[in-house]
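User: I would like to learn how to read strands and helices in a model like this one. Could we go through it feature by feature?

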Amino acid sequence: MLSQQTKHNIVTTTRKLMELRSTEDATKQQKECLDLIVKEFGSDFETREYEFNGSPALVLTNAKSNESDIIISGHIDVVGGADNLFKPTIKENKLFGRGAYDMKGPLASALHAASEAVKSGTSKTIAILITSDEEVSGDGTRHLLSKEGYSARGAVIPDGGNQTHIVTAQKGFAQLALTVKGSSSHASRPWKGENPIVLAAELVQKIADNYPVPESSDDWKTTVTSTKMVSGLNLNQIPETATVYVDIRYTQESDTKKFLEWFNQEYHSVGSVETIAENGMFFVNESDPFVIGFKQTVQKSTGSEPIFLKECGTSDAIFFTEQGIPAVLYRPNGGGEHSDSEWVDIESLGVLYEVLLDYMLGADG
């Protein structure tokens with residue numbers, strides 16, 4: 001059973017990390033987060049520092065090489081917010097504030113579990129990959145795996161799922177800028193031009209008709225969501241172009257191609273496309289030995305059998321799929337990520353600690 005001292009230590013580490021405003025543009029605070037982690041846990045591991053495209057990264061490991069039995073992957077960057085969100089508070093056994101759930105709380109639990117496993121003489125080799133660019137690109141994790149060659153029999157990413165659900169699939173995504181062309185004229189003589197805003201509005205409606213909003217996350221299908229429209233410079237002028245930005249979350253690799261084929265056919269004479277960002281799908285075979293072993297550990301630690309889950313969001317898990325490394329997402333109960341009401345359940349942080357510790361001390365898996 002988790003001791004009160006261990007629970008206190010996890011919450012203390014989480015609060016220290018949360019007080020650092022480690023947003024996209026705050027490299028100094030990102031490094032302070034990583035320095036804090038090295039100071040608190042560095043004596044138990046070999047520490048390796050990296051930097052990718054200006055974003056710092058850290059690896060803690062008890063392995064001699066870049067190969068290990070298990071990787072724990074996390075990030076210390078957070079989205080921005082009001083100053084009060086960086087002053088963590090506790091209410092009704094919940095920790096509130098930026099990063100409590102996404103993902104400084106889960107990362108703190110994982111770090112304490114790994115530290116205790118090493119101190120207890122685990123036979124497993126462990127690598128903890130910590131990056132600072134997950135919210136914007138994920139390049140840090142991608143480089144650590146593909147360029148630096150970190151690999152493992154399996155990976156746990158405490159950035160998805162919950163105490164009773166293990167995530168084994170996430171949608172891929174593509175973010176596109178769809179531009180349609182009209183012809184400019186003075187707004188007082190609209191018959192002399194062709195308004196691309198009208199064309200763009202029709203495009204948005206066609207997308208909504210072709211890709212109706214799912215009823216819930218259980219309605220596992222590709223979505224195409226219009227998220228932004230940009231057009232015009234002057235209030236008295238019909239613009240030359242209008243651009244609609246869309247966010248595609250797909251369940252089949254071919255769905256983005258199908259959407260582009262449709263757009264190019266419908267708007268072949270006036271349309272153009274720019275890809276802003278894209279990422280593939282995350283998936284892992286639920287019968288993989290690592291996945292089964294981790295599921296058994298969760299059941300042993302919690303007393304109930306976890307359920308495999310598909311999620312609509314994306315994470316660094318895709319980079320493990322790309323490298324053929326089995327991975328699962330599993331984290332505490334919480335909510336409100338990227339909002340002013342972000343929270344994590346403190347008891348559930350302890351559950352994550354116990355699950356990871358049990359797995360890292362186990363003989364199998």
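Analyst: A residue is called buried when its relative accessible area is under 20%, exposed when over 50%, and partly exposed in between (1.4 Å probe, protein chains only). Helices (H or I, at least four residues) and strands (E, at least two) are DSSP runs, numbered from the N terminus. This is a predicted model, in which local features need pLDDT of at least 70 and side-chain atom pairs count only at pLDDT 80 or more, while totals for chains, interfaces and linings use all residues. Residues are numbered from 1 along each chain as its sequence is written, and side-chain values use heavy atoms, with hydrogens and water left out.

User: Is strand β2 buried or exposed, and which residues point which way?

Analyst: Seven of the seven residues of β2 (residues 55–61) are buried, so the strand is largely enclosed by the rest of the structure. S55, A57, V59 and T61 point one way, whereas P56, L58 and L60 point the other way.

User: Which strands pair with β2?

Analyst: Strands of a sheet pair through backbone hydrogen bonds, either parallel or antiparallel. Here two strands count as paired if DSSP finds at least two bridges between them. Strand β1 (residues 46–52) pairs with β2 in the antiparallel sense over seven bridges, with E46 opposite T61. The hairpin of β1 and β2 has two residues between the strands, and N53 takes a positive phi near 55 degrees there. Strand β6 (residues 126–131) also runs antiparallel to β2, joined to it by four bridges, and A127 in β6 is the bridge partner of T61.

User: How should I read helix α7, and what do its buried residues pack against?

Analyst: An α-helix has 3.6 residues a turn, so residues three or four places apart point the same way. The expected span of a helix is 1.5 Å times one less than its number of residues. For the 14 residues of α7 (residues 289–302) that should be 20 Å, and the end C-alpha atoms are 20 Å apart, which agrees. The buried residues of α7 are F290, V291, G293, F294, K295, T297 and V298. These buried residues pack against β7 (151–157), β8 (165–170), β16 (307–311), β17 (327–329) and α9, where contact means heavy atoms within 4.5 Å. Just after α7, G303 takes a positive phi of about 85 degrees.

User: In what order do the strands of the open sheet lie?

Analyst: Four strands form this open sheet in the order β4-β5-β19-β18, with antiparallel pairing. The edge strands, β4 (89–91) and β18 (334–335), each pair on one side only.
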